[in-house]
Amino acid sequence: MSYDEIYSKLKNVGQEQLLDFYDELNDEEKENLLKQIEKIDFSILDLINHQNEEKKKGVITPLKGGLSVADIERNREEYTNVGIDAIRQGKVAALLLAGGQGTRLGSDKPKGMYNIGITKDVYIFEMIVRNLMDVVNQTGTWIPLYVMTSEKNNDDTVKFFKDMNYFGYDKDYVDFFVQEMAPASTFDGKIYLEEKGKVSTSPNGNGGWFISMVKAGLCEKAKKQGVEYINIFAVDNVCQRMADPCFVGAMIKNQYPSAAKVVKKANPEERVGVLCYEDGKPSIVEYYELSDEMRYQKDDQGELAYKDGVILNYLFRIDKLEEIMNNKLNVHIVKKKIPYVNAKGEIVKPEVENGYKFETLVLDMIHMMDDCLAYEVVRNKEFAPIKNKTGVDSVDTARELLKENGVTL
Ligand SMILES: CC(=O)N[C@H]1[C@@H](OP(=O)(O)O)O[C@H](CO)[C@@H](O)[C@@H]1O
């Protein structure tokens, strides 16, 4: 599109500010900016006006029928054998959500590049690959590993894996793909510029993973290789087991279209989403959406009624994902501090929230499934999320848990 076409497009949607510094740019910057603007989905901004029309949740009820740690122990051998068979037949792939940066850890690199070692280097990515290698060794099968990055961290991530020789993984089984971006705007819906020649964008949330995977041709590739199940998981949990044969086997044996690893919530305030039912379908209510009534509600045994905290480790059947991929996912509008170019052309890093980012979330995909198996894991073995540098859910707590589990750092 030419400058004139872009300008009139922007005028129609009241976003001409994106061209405020156009004349100051060199030819290459001009071209890049126009290309970036061309790709923006402006309809997303309409949501700002509708966000007060509360998205009505259905009737929420506690989960029933999940597998507790004891249930799993009773059937561990059988589940594990079913899972190992599926893995050996090439039916299982793992997908790492790694679009985020280590900003909260004080790093401007991809979160997975963060070094949690004490006496030697141990990177988050390395721990994750090591955990997956356990299953490779157990089954004698390389498991395809897809790594979702973002525009911001793709080059660093790919280079790091290469430099580190894929941490011993067979590189033929590792594919990277880039998550899409969404624009960031003021509270009034005006899209920010991040630089004079660059629209402010951020990764579009972890719900975009399947569409991005399809667009990258990786879903086709996976299916051709016979993959039927995808285990997606977050970069921040260094203790989790992925492509875990027992987890895979439990889902297959019990014929679920999806499954989620859960931990019993440590306390009502813990910042994890809870798996429950909404109008009879599986649903996840995020910690910031949970009403106090639900947060403290007890069941007949005196336990929390909503106790199944998701650890962001889900298994999906690919055919079920394809069925729902054209359904519209909810877009969540999140208030954030967004660096921007002010009217004078200076870059401002705000101290307080100054606008919105737009994200879709994987947990909304769970609600589109007919059912989801809650599979309880032992917190001290599998849940050490690294959200902060110190304190709760931090580098410190993860290090302690890793040590407890015999990992030398
Ligand atoms: C949108 C999303 O997937 N949120 C996840 C994710 O939350 P954070 O806000 O990234 O901490 O990780 C939690 C587990 O660490 C999980 O309980 C929650 O549901």
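1. Domain 1 and domain 2 bury about 1,000 Å² between them, with 58% of it on carbon and sulfur atoms. Buried area is the accessible area (1.4 Å probe) that two parts lose on being put together, summed over both. Within domain 1, Leu18, Phe21 and Gln36 lose the most area to domain 2, together 52% of what that side buries.

2. The model is predicted: local features need pLDDT of at least 70 and side-chain atom pairs count only at pLDDT 80 or more, while totals for chains, interfaces and linings use all residues. Residues are numbered from 1 along each chain as its sequence is written, and side-chain values use heavy atoms, with hydrogens and water left out.

3. The protein chain is divided into domain 1 (1-39) and domain 2 (56-404); these bounds come from an automatic or database domain assignment. The C-alpha centres of the two domains lie 35 Å apart. Eleven residues of domain 1 are in contact with 15 residues of domain 2, where contact means heavy atoms within 4.5 Å.

4. Across this interface the rule finds one salt bridge, that is, a side-chain nitrogen of Lys or Arg within 4 Å of a carboxyl oxygen of Asp or Glu. Glu24 forms a salt bridge with Lys196, and their closest N and O atoms are 2.7 Å apart. The structure holds 25 salt bridges. Another pair is Lys35 and Glu31, at 3.4 Å from N to O. These two residues are separated by about one helical turn because they are four residues apart in helix α2. Helices (H or I, at least four residues) and strands (E, at least two) are DSSP runs, numbered from the N terminus.

5. The second largest pocket has a volume of about 1,300 Å³. Of the 42 residues lining this pocket, Asp41, Glu180, Met181, Ala182 and Asn204 are the closest to its centre. On a 1 Å grid over the protein atoms alone, a pocket is an open set of points where a 1.4 Å probe fits, with protein on both sides within 12 Å along at least five of seven lines; lining residues have an atom within 4 Å of a point. The volume is the space filled by probe spheres set on the points, which are joined across faces, edges and corners.

6. Where does the second largest pocket lie? Domain 1 and domain 2 both give residues to its lining, so the pocket lies between them. Helix α7 gives the most to the lining, with five residues.
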